[in-house]
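Please read it alongside the sequence and the coordinates.

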Amino acid sequence: MTVMNNATIKWLIAICVVTIFLGRSDGGELQTDVKLESNPGQTPMTYDVLLPDGYDNSDQTYPLVLFLHGGGANGYVLLRTSQDWIQELWDQDLLPPMVLVTPHVGPFSFYLDFEDGSQKWESLVTGPFLKEVRSKYRVSPEPHRTLMAGVSMGGAGALQIGLKHPEQFRAIAAVEPAIQPALRWKDVDKKMFFWFTSEQWEERFGKPISGEYWEANNPANIASGCANQIRESEVKIYLDCADEDYMQLHEGAEFLHRTMWDAGIKHEYHVFNGADHVGRTVKPRVQAALQFIGRSLVETKPDPDVIEFRKDMDFW
């Protein structure tokens, strides 16, 4: 059994406060605790699905969004929290119709395949889960209409999976991702991650901890090591952090931003002034991330003003 320290328990309580069920009786249809049927004998998993307005009365094929929840117990379900926020965007035509799915993964699993093979969340999410969702719902199987977003632990998972497999996604959006500001395990300041126990690190990365395995799953290492692949895929990347994040996660986001910048990986980066890991800024930040991935579905045409400007500047 995983032992949580007091800081972890307090963080879990704070996260659960953010995820109070808001619910709706109109708009898109929310299906909760759908059982994953295509993974018999392996890790059991359920998931939530949010279908857009008019789904049942159309034959349209929709973009698919893997919407990854944050840390804590499996009861922390992102779609149940943000359903109203998404519906608000749909009502204002600020987000195209899409199907959003949230897999319920293990508490603080970080969407990892554990080093000892005891849990394989990344393989499950990108394998049987994705396959079942595509067969069960009218969603596009095409990478250019497959998107991924996540919050906190889910943001870390979106980056880890998306940067490893950029050719499988049109866009990746990470809100306050729980990532570390380092390229080597030996450089991780354990004091900064007071909310994660030594036992939890070992459960995921081996006992003793395998620095090599941690580095292979660290988004900054993935970005620097797979820079050519990421650039060539033209995947759209969105990164967000709060400048007063109590969990100090802005340190990891800033580090990843600089790593991608130096590697020539295009991305959009936002630091929200006066924001913390929870609170009133979470809604507009999640909405901004969703709008980003929504815009990625629209082909961007060359800006004539930019073309003319660059043409004039070439004169100098």
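## Overall architecture

The protein has eleven helices and eight strands, where helices (H or I, at least four residues) and strands (E, at least two) are DSSP runs numbered from the N terminus. This is a predicted model, in which local features need pLDDT of at least 70 and side-chain atom pairs count only at pLDDT 80 or more, while totals for chains, interfaces and linings use all residues. Residues are numbered from 1 along each chain as its sequence is written, and side-chain values use heavy atoms, with hydrogens and water left out.

Of the 316 residues in the protein, 50% are buried. Buried means under 20% relative accessible area, exposed over 50%, and partly exposed in between, with a 1.4 Å probe and protein chains only. Among contacts with a separation of 6 or more, 76% join residues 24 or more positions apart; contact means heavy atoms within 4.5 Å.

## Helix 2 and the residue that follows

Helix 2 covers residues 78-91. Its 14 residues reach 20 Å from the first C-alpha to the last, close to the 20 Å expected at 1.5 Å a residue; the expected span is 1.5 Å times one less than the number of residues. A kink of about 40° is centred on Asp84, the bend at a residue being the angle between axes fitted to the seven residues ending there and the seven starting there. Ten of the 14 residues of helix 2 are buried, so this helix is largely enclosed by the rest of the structure. The buried residues include Leu78, Leu79, Trp85, Ile86, Leu89 and Trp90.

Just after helix 2, Asp93 takes a positive phi of about 55°. Asp93 is found in the loop between helix 2 and strand 4 (99-103), and this residue is exposed, with a relative accessible area of 70%.

Helix 10 (residues 282-295) has 14 residues, which should span 20 Å at 1.5 Å a residue; its end C-alpha atoms are 20 Å apart, which agrees. Buried residues in helix 10 include Val282, Arg285, Ala289, Phe292 and Ile293.

Ala289 and Ile293 are also among the contacts of Ala173, together with Met148, Ala149, Gly150, Ala158 and Tyr238, leaving aside neighbours within four places in sequence. Ala173 lies in strand 6 (residues 171-175) and, at 0% relative accessibility, counts as buried.

A search of the whole structure finds two cavities of 30 Å³ or more. On a 1 Å grid over the protein atoms alone, a cavity is a set of points where a 1.4 Å probe fits but cannot get out, and a pocket is an open set with protein on both sides within 12 Å along at least five of seven lines; lining residues have an atom within 4 Å of a point. Grid points are joined across faces, edges and corners, and a volume is the space filled by probe spheres set on the points. The largest cavity has a volume of about 180 Å³. Of the 16 residues lining this cavity, Phe110, Ala178, Gln180, Phe205 and Trp214 are the closest to its centre. Helix 5 gives the most to the lining, with three residues. The lining divides into eleven nonpolar, four polar and one charged, where Ala, Val, Leu, Ile, Met, Phe, Trp, Tyr, Cys and Pro count as nonpolar, Asp, Glu, Lys and Arg as charged, and the others, Gly among them, as polar.

The largest pocket has a volume of about 300 Å³. Helix 8 (227-233) and strand 7 (236-242) are the elements that give two or more residues to its lining. Five lining residues of the pocket are nonpolar, two polar and five charged; among them are Arg170, Arg231, Glu234, Lys236 and Phe292.

The peptide bond from Lys207 to Pro208 is cis, with omega near 0°. Pro208 is placed in the loop between helix 5 and helix 6. Asp33, in strand 1 (residues 29-35), has a positive phi of about 55° although it is not a glycine. At 45% relative accessibility, Asp33 counts as partly exposed.

Glu215 is found in helix 6 (residues 211-216) and is partly exposed, at 21% relative accessibility. Not counting residues up to four places away in sequence, Glu215 touches Leu183, Arg184, Trp185 and Asn221. Glu215 and Trp185 are 30 residues apart in sequence and 6.7 Å apart in space, C-alpha to C-alpha.
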